[in-house]
Amino acid sequence: MFKKSLTILSIASAFYLQAQDVSIIRNSVDVYSSNPLTGSAKFNAMAGSMGALGGDLSAININPASVGVFITGNISGTLAINNSKTTSSFSNAANSYKLNNADIGQLGGVAVFETSGNTPWKFVNFGVNYTNQNLEEYIETPANSSYKFQDSNLVDTNGNPVTGTFTSLGHAYDRTGNLTNMNIAFGGNYDNKFYVGGSLNFKGATIEQYDSSRLSLDVDNNNSYVLNKQGTPYTEDSNGFSVSAGIIGKINNNIRLGASIESPTWWTQYRTYSEVNEDNLGYYFDYYDEDRKFTSPMKATLSGAFVMNKNFALNVDYSLGLTKPKYKDPGPLPNGEESAEHQLNDFFNSNYKNLSELRVGGEYRYNNFRLRGGYGISNSPFDNIYGKNNFIGKRETLGVGFGFDFKSFYIDAAYNKITTNSTNVYGDGNYYSLANNGDVEFFTNNPNTFTSKLEDVKNNVTLTLGWKF
C-alpha cells in the first residue's frame, strides 16, 4: 500500500477550483444557460421553431406572445421517451454508452377570455406551461497507455519515498439530474393584427456528478486503483428566475414577424461536497455546503413566418445570447487568492462567445391530419481551447412528426435526433483513492490534461394528448 503526503492548499469552506474545471463550465452553459430541448410533440417536431406562429404552449419559451394567439382554451400533456448514446474516442479506441429514460416532458394549459364591447382587444389569455428535461449523461473514455503521469511524493509502508508512474485504464464522468421550467404567461390579441405577451419563468435544476479515473501504478505491481477527483461526488440544487416579453405582428395574410427578449436568469445554486484533508492522524473528509449566485446570458429572438394558406406554414427563428455567463464574485479568499467565481468569470470573459441558434420548422395540414418537420443548429460558445467545439459543441436538431385533430381532442407524435460533437477534457487535478474499508488510501495530483473526441446522439420520442375547449 502506498501513501502520499497531502501538500496541497488547506481547503477552507470555499470550493477552490481552477477556472478550467470542466464540469462547472459545462453545466454553466449546458444546464443553466440553455433553452429546454423538450416540449410538446408539435414544438419538438418543428425543432422549436414557432416564434412567429405561436399557438402552442411550449412556444412560450421562444416568444411569450404565443399565448396571445390562442382563440380557444387548451390543456395538454406530453410523455417524453429519451434514448441517448455517448461515444468517447481516445487515440484509436472508443467506448459507447447508452441511456434510456421516460418521464413527463410537458404539462400546461391556457385560458382564453374573449372581450366584449367596442375594443380592438379581441382576446386576453392566461397560460401556464411546465417542461422537464432529463440531464443524465455518462461518458466513459477507454484506456490508453499514452496517458501517464509520475508522482514523486509516494511513500511505501515503511515510510520510504518512491516515485511511481500512473497509467490510464479509463476515465468516467457521470451526471444525473433534471432541469425544469415553469412559465406563467399573459397575452393578448389586438385587432387580430398584433399579439403581445409576457411571462415569468421559474426554473429548477438538480444535479449529482461523479468524476473518476482507473489507473495502474508500476511500483505496486501494476495494481489498479479507482481515483475520485477532489470535490466529487457532489450534488447541486438550484433555483432560477427570469422574465420574458414578446410580440407577433401580421404584416399581411401571408407574412408574420415576431420578436422576443428574455432577461438573464438569476440562479441560486446550493452545492454539497466533500474534500480530503490530512493531519498528523492521517487522512479525513471535510464536508461542505455552499451557495453561489449565477447569472445566465440575456437572450433575444427574431422570427418570421410564411403562411401560404390554412394548409401550410413555415417559420424561421434566430436566437442570440446578448451577454456572457457570470458568477457573483465574493472577493479574494482569506489567503489572498482569487475566488473560484472570479476565476470562472475570467475564463468566460476570455473564452466565451455569444451563443446563437437558427431553427426552421414547417407544418402541413390536410383535413384533420398534420405533418411537421424542423431543423435547428446552434454554435459552440468555445473554440480552440483544447480543440474545436470544446466543452459544449455545435448542436444539430432534426425533428419530424404528425398529428390528428379530433375537434375537441388532438394527439401529436414527434421524433427528434439531437447530435452534438465536442471534446471531453479530463485529468489536471487532485485525486484520492479509497480502500475497501472506505478509508483514504492515498492522494495524488495529476498535472496533465487529456482530451477525447465526444459524440452525443439523443433520440427522443414525444407523445402529446390535448383538449381544446
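What share of the contacts in the chain with a separation of 6 or more comes from residues 24 or more positions apart? Such residues account for 71% of these contacts, a contact being heavy atoms within 4.5 Å. The structure is a predicted model, in which local features need pLDDT of at least 70 and side-chain atom pairs count only at pLDDT 80 or more, while totals for chains, interfaces and linings use all residues. Residues are numbered from 1 along each chain as its sequence is written, and side-chain values use heavy atoms, with hydrogens and water left out.

The secondary structure comprises 3 helices and 21 strands; helices (H or I, at least four residues) and strands (E, at least two) are DSSP runs numbered from the N terminus. The chain has a radius of gyration of 25 Å, close to the 23 Å that the globule rule gives for 469 residues, so it is as compact as a globular protein of that length. Here the radius is taken over C-alpha atoms, and the rule is 2.2 Å times the number of residues to the power 0.38. Along the principal axes, the C-alpha atoms fill a box of roughly 90 × 45 × 35 Å.

Of the 469 residues, 52% count as buried, that is, under 20% relative accessible area with a 1.4 Å probe and protein chains only. The chain exposes about 20600 Å², of which carbon and sulfur atoms supply 55%, by the Shrake-Rupley method with a 1.4 Å probe.

A cavity is a set of points on a 1 Å grid over the protein atoms alone where a 1.4 Å probe fits but cannot get out, and lining residues have an atom within 4 Å of a point. Points are joined across faces, edges and corners, and a volume is the space filled by probe spheres set on them.

The largest cavity has a volume of about 550 Å³. Its lining holds 34 residues, with Asp30, Ser34, Leu37, Ile392 and Arg395 nearest its centre. Among the elements giving two or more residues to this lining are helix H1 (22–30) and strand S21 (440–468). By class, the lining divides into 11 nonpolar, 13 polar and 10 charged residues; Ala, Val, Leu, Ile, Met, Phe, Trp, Tyr, Cys and Pro count as nonpolar, Asp, Glu, Lys and Arg as charged, and the others, Gly among them, as polar.

The second largest cavity has a volume of about 290 Å³. Of its 23 lining residues, Asn82, Gln133, Asn134, Lys458 and Asn460 are the closest to its centre. The largest share of this lining, 6 residues, comes from S3.

Definitions and conventions. On a 1 Å grid over the protein atoms alone, a cavity is a set of points where a 1.4 Å probe fits but cannot get out, and a pocket is an open set with protein on both sides within 12 Å along at least five of seven lines; lining residues have an atom within 4 Å of a point. Buried means under 20% relative accessible area, exposed over 50%, partly exposed in between (1.4 Å probe, protein chains only).
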